[in-house]
Amino acid sequence: GSCISWTACPAGPLMDFVARTSRLARCRALIACDLFGPAQMRRVSSALKGWATGTKILQTAPDDDFARRLRGVDIVLGWAPARLLAASSVRLFLCGSAGLDAYLGVGLETKPNFSICNAGRTMSVPIAEHLLALMFALTRELPVIFRQKAGRHWERRWDARELAGSTVCIVGLGASGSELAWRCRSLGLRVIGVRRDFRRGH
């Protein structure tokens, strides 16, 4: 059956599972991630060794190039045009994004023997740290300070606040929200968490 997975799946074990259950002698993988340099590609090649072959394509490649390279491919890692995936032989898509909105409503939900996996947990720490940086920037009024610096104008700021002792409400306690929550607690903030299912623990 078809499956849309909204939870992050470790790439190694998931690929191993596909390799063991594949009816093909060797799987073919297409890597569409421009962020992957030589070091990352060596790790991917090592993970595929013995059961799959892998080639790389620019994630910004024209659709006709993408469609041609997708022929006979079993696994895609990174980002690919959703409608081309739906019409391809791909059985496993390891999306490089946490969100899968761009891949809904194009037929992937009903594509036979197809699974999609997001990269939610791989992005949770960077997202939490980015949000924390923004909280610091707003509390300490860094945009104002940067503007003053650019204009060579210095004015003492008496109304900057502190995060410690403040209250933060985090709507959504998934991987990213949970990573942000414990960071806020460790800085002395009072944390209110809101999640869809109140019966789940924090």
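## Helix α2

In this predicted model, one side of helix α2 carries Arg 42, Arg 43 and Ser 46, which are exposed. On the other side of α2, which spans residues 38–48, Met 41, Val 44 and Leu 48 are buried.

After α2 comes Gly 50, and the phi angle of Gly 50 is positive, with a value near 95 degrees.

## Arg 195

Arg 195 is found in the segment that follows strand β8, which itself runs over residues 190–194. Although Arg 195 is buried, it has no salt bridge, and the nearest side chain of opposite charge, that of Asp 197, is 7.4 Å away. A salt bridge would require a side-chain nitrogen of Arg within 4 Å of a carboxyl oxygen. The side chain of Arg 195 does, however, reach the backbone oxygen of Leu 173, at 2.7 Å.

## The chain as a whole

The secondary structure of the protein chain consists of seven helices and eight strands, and 32% of its 202 residues count as buried. Among the contacts in the protein chain with a separation of 6 or more, 52% are accounted for by residues 24 or more positions apart.

Methods. Residues numbered from 1 in each chain as written. Predicted model: local features only at pLDDT ≥ 70, side-chain atom pairs only at ≥ 80, totals over all residues. Heavy atoms only, no water. Buried < 20%, exposed > 50% of the residue type's maximum accessible area, 1.4 Å probe, protein only. Helix = DSSP H or I, 4+ residues; strand = E, 2+ residues; numbered from the N terminus. Lys, Arg positive; Asp, Glu negative; His and termini not counted. Polar contact = N/O pair within 3.5 Å; in protein donor to acceptor, adjacent residues only side chain to side chain. Contact = heavy atoms within 4.5 Å.
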